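Visitor: Hi, I have this structure open and I'd like to talk it through. Could you take my questions as they come?

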Amino acid sequence: MSIARQVLNCSRFTCRSAHVTCRKTFTTSQHVMMSRHTHAKRIEGLDKNVWVAFTALAADPSVVNLGQGFPDIPPPSYVKEALAKAASVDRMNQYTRGFGHPSLVKALSQVYGKAYGRQIDPLKEILVTVGGYGSLFSAIQALVEEGDEVIIIEPFFDCYVPMVRMAGGKPVLIPLRLKSGKKTITSADWFLDPDELAGKFNSKTKAIIINTPNNPIGKVFTKDELQMIADLCIKHDTLCFSDEVYEWLVYRGHQHVKIATLPGMWDRTVTIGSAGKTFSVTGWKLGWSIGPEQLMKHLQTVMQNSLYTCPTPLQEAVAQGLLLNYELMDQPECYFTSLADELEGKRDRLAAIVEEAGMTPVIPEGGYFMLVDVTALNQDLSHMDEDEAYDYKFVKWMIKEKKLAAIPVTAFVGEESTKDFEKYIRLCFIKQDSTLDAARSILKSWTKV
Amino acid sequence: MGIIRNIAASLVLLRQSSVKNNHKVIMSRRLHARRTDGVDKNVWVEFTQLAADYKAVNLGQGFPDFSPPQFIQEAFCKAINGGPQMHQYTRAFGHPPLVKSLAKFFSRIVVQDIDPLEDILVTVGAYQALFCAFQGLIDEGDEVIIIEPFFDCYQPMVVMAGGKAVYVPLRPREGSAILSSGDWVLSADELASKITPRTKAIVINTPNNPLGKVYKTEELQMIADLCIKHNLLCFSDEVYEWLTYDGAKHIKIASLPGMWERTVTVGSAGKTFSATGWKVGWAIGSGNIIKYMKTIHQNSVYHCATAAQEAVAHGFEREYELFGTPESYFQQLPTMLHHKRKKLASCLESVGLQPIMPEGGYFMVTDISSVKVDLNDLSTKDELYDFRFVKWLIKEKGLATIPVSAFYSPEHSKEFDKYIRFCFVKVNLTFLT
């Protein structure tokens, strides 16, 4: 007999004795009925999302959007052509191999075989997913559960924490700390304190998530820094999820290092990449995980029980794009190089615009975001909602009053670190020059007031 | 000699353990999450591989061997060439033109005002919509009723969500010859007997895969009555909704009184527009339920590919205008498949098999009990009869199908091991003659 029915039966009984009790019990049974439609516990507290709020605000066409991380520059024409070509082939419009379209996993195996300096099995060591996001999800669902702790470095791409929580894990946060007396601050001035990091590892630590180049700061972890993390992973027998979606966007004087290539790390690392970030096609939502079979097989299990397979024509087109650039690797015509060159110019341009406006940029070594310190503007926001962090208020105010959109950086940190990051906003610079010019006009007129 | 043998043995042991340490055993504690236990096997992986190995004609897996209709291919091309925003992120819960056209289209069908932003979630195929439903709404210990035969993913999805699958089989009607999927029915008493205080939801699939059954209003009403009585959720997988034959009518359980607020209806662009490789699907339901699925979606894949959604939106705009007319793809496709279905059935009958005529969907189930073959393949000795038969058919006759017991629970599979499933959504059935 259902609970609702039992409660109703009771209510009939008590009804005879007291009218008031009857009404109360009816409400209880109604409540019981409604509560049957409640959500699973795994999503408790995970419904809020910074993007939902800020994408809506920035959607106004009169707003210059340097917020959400997507290009307004077109993708290379050959990837679009490859997609159109794939879509014209009958078979390409039907299901492909679940763990990754054969031509794509082969191309990935080639490109990354070179990058890793090892043979990568396309069928057993690669999984194609719905964006880098989907890879993070598959890895965390496959390998993290109740009782596991996962170390996350702040500031972090905001999905890491809810994903770990949804898997029943406990996020353990550690901030990058600014160490600089220098006039020009770069992402290289943000460090992990080795002792602080070591102190976060314990017997429950299942994994550490690293993101290099980092979103939002743009830090490109050096080999030494990665070695320090690797040593701890090996010592504590911890896994490493390495989010490297911006791997090709590294600027002069810096080098992207794959933690999985350090000794002892291949067997315990899942490395994540993204077609969206690689080819400026975020709307294709294709990504991949690469790692040893004993880890990848569990990600594949999650994949086969969640969405089974990714779209075929998109995978075929990405395969073509990878093969083309594989031939050109290390040459200036290679998109992985040419895009980085193009973005370095935009980076420097935006940094100058920001400085002109009296704010302090943190020059990123990689990625396509820039942190900007707005302290010097001394903007009075006392009229706004008390409860929100300064950067949330600042960005909302800036969108409304100045028609310029950014993303508040405290969205990328835990509560305890809020005070250290609330004077920063994040700007995206993978934008057309005209967009950056428009931002410049806004910022110029701002300081004139 | 003895010493050498000892040393050799120790060396082997040492080597073995060092190989283990270097390659396999890197965690002294448990590596993979418990949620992946017991959900790693998959019938498709095994049989697709076998079909490929023997270069068999594949009537197993369910996808068309023809192209999507021209108007939708054109819409996709247009989207691809449609400006940079077509290649960048769109709205996470569904591309605005798509959710608007879905809301408009389906509001007319269910006679319910569907809110495009609140009541619809666009997903990576209907598969991911089902995943979001189970993950968002099923908790540890919740029971979920699954009607057999069932599309095989329902069971592992229930398990991965911590739920417990409870099965109720469709059974051939007593007495008369089993000629149609309409002859397979659900016993109201048997279904009611499976409901307990822990039952959270029931999963229905109409038109059904693999049987092709199209549930009639009375049958859905019976299920609806139980859902309302016991306050259950209903997950209704309707991916084949446009593929009904011989005048069978597809009915949406969500349109029955009292069902909108408790039903998640899942649909598929892949099946609707013969483009399974696009992986665009959706869940439609009351915002109160969809919102929980959105939370799963935003913490798993977040966005779906933009250009394909744009193309599907155009597809639905076109079909909205042409609905009910002969130009509608939703008329043309079932008409074309109607003939394929008949052709396959007569061919199977001519070789002594007994097909069950499907009222809807992509598939035809055939009774193989009257066929006498010598399944002397020792490698399949311990498997169920239909699994053995299918493997024999692949290896000896170069024809790939799927064993129907794969769509049954372990407790009932032995009762239903004399059926195999064919996909007839193929233009190229010439080999049959």
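Visitor: What do the side chains of Asp139(B) and Lys41(A) meet in?

Guide: In this model, which is predicted, the side chains of Lys41(A) and Asp139(B) form a salt bridge, with 3.6 Å from N to O.

Visitor: And how many salt bridges are there between chain A and chain B?

Guide: The count between chain A and chain B is three, and the interface of these chains also has 44 residue pairs in polar contact, where both residues have a pLDDT of 80 or more.

Visitor: Which helix of chain A gives the most to the side that touches chain B?

Guide: That is helix α6 of chain A, residues 131–143, which contributes seven residues. Taken as a whole, the side of chain A that touches chain B is made up of 40 nonpolar, 28 polar and 18 charged residues.

Visitor: How many residues are in contact, and what area do the chains bury between them?

Guide: On chain A there are 86 residues in contact with 79 residues of chain B, and the two chains bury about 7,100 Å² between them, with 52% of it on carbon and sulfur atoms.

Visitor: New topic: in the largest nonpolar core, which residues touch the most other members?

Guide: They are Phe241(A), Phe134(B) and Phe235(B), in a core of 244 residues. If the neighbours within four places in sequence are left aside, Phe134(B) is in contact with Arg42(A) from chain A, and its contacts in chain B include Tyr154(B), Met157(B) and Phe235(B). There is also a second, separate core of 31 residues, and among its members are Leu211(B), Met222(B), Cys227(B) and Phe416(B).

Visitor: What about the backbone, where is there a cis peptide bond?

Guide: One joins Asn215(A) and Pro216(A), with omega about 15°, and Pro216(A) lies in the loop between β8 (205–211) and α9 (223–236) of chain A. In chain B, the peptide bond from Asn209(B) to Pro210(B) is cis as well, with omega near 15°, and Pro210(B) is in the loop between β7 (199–205) and α8 (217–229) of that chain.

Visitor: Which residue has a positive phi although it is not a glycine?

Guide: Asp330(A) has one of about 75°, in the loop between α12 (312–328) and α13 (335–356) of chain A. Lys55(B) is another, with a phi of about 50°, and its place is the loop between α2 (43–53) and β1 (57–58) of chain B.

Visitor: Is Lys55(B) buried or exposed?

Guide: Lys55(B) is exposed, at a relative accessible area of 74%, and Asp330(A) is also exposed, at 69%.

Terms used
Residues numbered from 1 in each chain as written. Chains lettered and ligands numbered in written order. Predicted model: local features only at pLDDT ≥ 70, side-chain atom pairs only at ≥ 80, totals over all residues. Heavy atoms only, no water. Contact = heavy atoms within 4.5 Å. Buried area = accessible area lost by both parts, 1.4 Å probe. Salt bridge = Lys/Arg side-chain N within 4 Å of Asp/Glu carboxyl O. Polar contact = N/O pair within 3.5 Å; in protein donor to acceptor, adjacent residues only side chain to side chain. Helix = DSSP H or I, 4+ residues; strand = E, 2+ residues; numbered from the N terminus. Nonpolar A, V, L, I, M, F, W, Y, C, P; charged D, E, K, R; others polar. Core = buried A, V, L, I, M, F, W, Y, C linked by side-chain atoms within 4.5 Å. Buried < 20%, exposed > 50% of the residue type's maximum accessible area, 1.4 Å probe, protein only.
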